[in-house]
Structures are given as C-alpha cells and as structure tokens.
Amino acid sequence: MPSGRLTGKVAVVTGGGSGIGLAIAKRFAEEGASVVIAGRDRDRLERGVAEIGHAARGVTTDVSRDGDVAALFAPLERVDILATCAGGAHFGAIDEVEPGTWRELFAGRFFGQMSACHQAVPKMPGGGVILLCSGVAGQAGLANYSGGSALCGAVNALGRALAVELGPRGIRVNVLSPGLIAGTAIKSNLAPNEQASFLSRTLERIPMHRPGKPGDIAEAAMFLVTCEYANGMVLDIDGGWTAG
Ligand SMILES: NC(=O)c1ccc[n+]([C@@H]2O[C@H](COP(=O)([O-])OP(=O)(O)OC[C@H]3O[C@@H](n4cnc5c(N)ncnc54)[C@H](OP(=O)(O)O)[C@@H]3O)[C@@H](O)[C@H]2O)c1
C-alpha cells in the first residue's frame, strides 16, 4: 500500500469497476486508501481490482437492491470515504421512453446512492466524507434526457440536505457533477448514429469542445475529499458547459 494523503483510510466506491468510479478508486488507492469497489458484473470488478492494485477488493453488488448494499457494508468495521458512482443513463423523448425505464434508472442511480449513504453513515462514527455523483443535466436542460436530468437534480438536492444533516457529525457530503466524460455511460441505449449526433451537439455547447476524462473527475474527487472545509458543494467538472 503506498503512503499518501489517504493512508489508513477505508474507501468504498460503487460503480468502481469502470469509468469514473474506477478512476476515483485508482486515485484513492494511489494515495494510500484501502479501497473496496462494488458493481454487478464480477468480471468487470475483477478487471477493476487488477487495474487498481494495492490490495483493492471487489464486492459483487447491485445497488438497486437494499440487501446487496447492506451486505457490501456489513463486514466493514469503518468507512472513511464513500463515493457513489454506480449508475447508467437512458436517452429518449418523454413520450417515447416507457415509464418503467425511469423507475429502473432511479432504482440504481438515485436510490442506490441513498441506500449506500444509509449504510455508510453508521460506519463513520468519527467523521467521514461522502461524494455523490450527479451530472450537469441536473442544472442545464438537456433534450431527450428528462429522466436523467431529474435524477441529477435530485442527487444535487440530496447532497445539500445530507451536508446540512451530517455536518454536525463530522461527515462532509459533496456532489461530483460531471459534464461529458469519455466512457460508456452515453452509449447506454443510443444507436451509433444517435451517439455521434448527440456528441457533436453536446461538444458545441462545451467551450473546450472536447469531452473530459474519468481522471479529471478523480482529481475533483481528491480535492473534495482532502479539502476539509468543502461541504454541501455541487462541483461541476464540465469544461465550462454550465458556465455558458
Ligand atoms: N460519462 C459521462 O459523461 C457522465 C456524465 C455525467 C454523469 N455521469 C454519471 O456518472 C456515473 C459513472 O459514469 P461512467 O461514465 O463512469 O459510466 P460507466 O463506465 O458505465 O460506469 C458505471 C458503473 O456503474 C456500475 N453500475 C451500474 N448500475 C449498477 C447497479 N445497479 N449496481 C451496481 N453497480 C452498477 C457499472 O458496473 P456493472 O454494470 O458491472 O454493475 C459500471 O461499472 C453514472 O451514474 C453516470 O450516469 C456520467
């Protein structure tokens, strides 16, 4: 285990088998944290664990199932850092997407984050840090992404409420709000031609005209974890998208 700014800390990262979660888990491990990653696909988790190294562990977990989330936290004596990055995206017009799809999306990506907080907080008796994950769609209107936008807005509100609720207990809560980040999330249900058109329209709205990298979000995560006065923030890491 390397020594660094997170030496001796225990970090749980949901969605840590790929993309943003994996980059965050790697960054925490490089700084000395003992890292547990959670996701549904055993193979993806194993690849993630191998990439993180530093004795990281993977626990098969579907965060939409409260029992899975409870089992993820049960063996841990304490948790210092929780980053909830599990979730996906679903694109489509309001009158085309089946309502059940939004419920499924919220079950994992919203209630999964709440459920992880519910389990993690009792493991943080001496304080801790929680990083939720939303997205700029919580603040900037995005056509054909109404469910995801509503979800991101809900996560931002959750983060602020928990920051106020848990601050007196020494637990800081902040929200990572990524813009367009290279990875798999946008590919969820879009056909290749739709992905290309979504990308070009979105890149036009981003002053830097390029997507960010998962590592950019990991740097922001390190800032929020190590800055001891950061609480209740929703941090947009979006190349200036929401500034326009
Ligand atoms: N990439 C972007 O541009 C962007 C922008 C804004 C917000 N976000 C959000 O940031 C988060 C991470 O995005 P990403 O780009 O890193 O996507 P990603 O590479 O697809 O990673 C998502 C991870 O979450 C896991 N996951 C999904 N549903 C889960 C569930 N029910 N239980 C446990 N694990 C689950 C997936 O693993 P399994 O399938 O193995 O479970 C996967 O490892 C997502 O919530 C995404 O919507 C992404």
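Predicted model: local features only at pLDDT ≥ 70, side-chain atom pairs only at ≥ 80, totals over all residues.

Colleague: Fine. Is Ala 93 buried or exposed, then?

Modeller: Exposed, because Ala 93 has 10 C-beta neighbours inside 10 Å.

Colleague: Where does Ala 93 lie?

Modeller: In the loop between strand E4 (81-84) and H4.

Colleague: How far apart are Ala 93 and Asn 144 in space?

Modeller: 4.5 Å, C-alpha to C-alpha. In sequence they are 51 residues apart.

Colleague: Now the helices. At what angle do H4 and H5 pack?

Modeller: About 15°, with the axes 10 Å apart. H5 covers residues 146-166. H4 and H5 are therefore roughly parallel to each other.

Colleague: Is the crossing of H4 and H5 left-handed or right-handed?

Modeller: Right-handed.

Colleague: Which residues in H4 and H5 meet?

Modeller: From H4, the set includes Trp 102, Leu 105, Phe 106 and Arg 109. From H5, it includes Gly 147, Leu 151, Ala 154 and Val 155. By class, the contact has eleven nonpolar, two polar and one charged residues.

Colleague: Switching to the ligand. Which residues come nearest?

Modeller: Gly 15, Gly 19, Arg 40, Gly 87 and Gly 135, out of 32 residues around the ligand. Helices H1 (19-30) and H4 (99-120) are the elements that give two or more residues to that shell.

Colleague: And how many residues of each class are in the shell around the ligand?

Modeller: Eleven nonpolar, 16 polar and five charged.

Technical notes:
Residues numbered from 1 in each chain as written. Near = placed C-beta within 6 Å. Helix = DSSP H or I, 4+ residues; strand = E, 2+ residues; numbered from the N terminus. Nonpolar A, V, L, I, M, F, W, Y, C, P; charged D, E, K, R; others polar. Axes fitted to C-alpha atoms, helices over the stretch in contact; angles between N-to-C directions. Parallel < 35°, antiparallel > 145°, perpendicular 65-115°, else oblique. Left-handed = near helix turned anticlockwise from the far one by under 90°. Contact = placed C-beta atoms within 7 Å. Buried ≥ 20, exposed ≤ 12 C-beta atoms within 10 Å, placed from the backbone.
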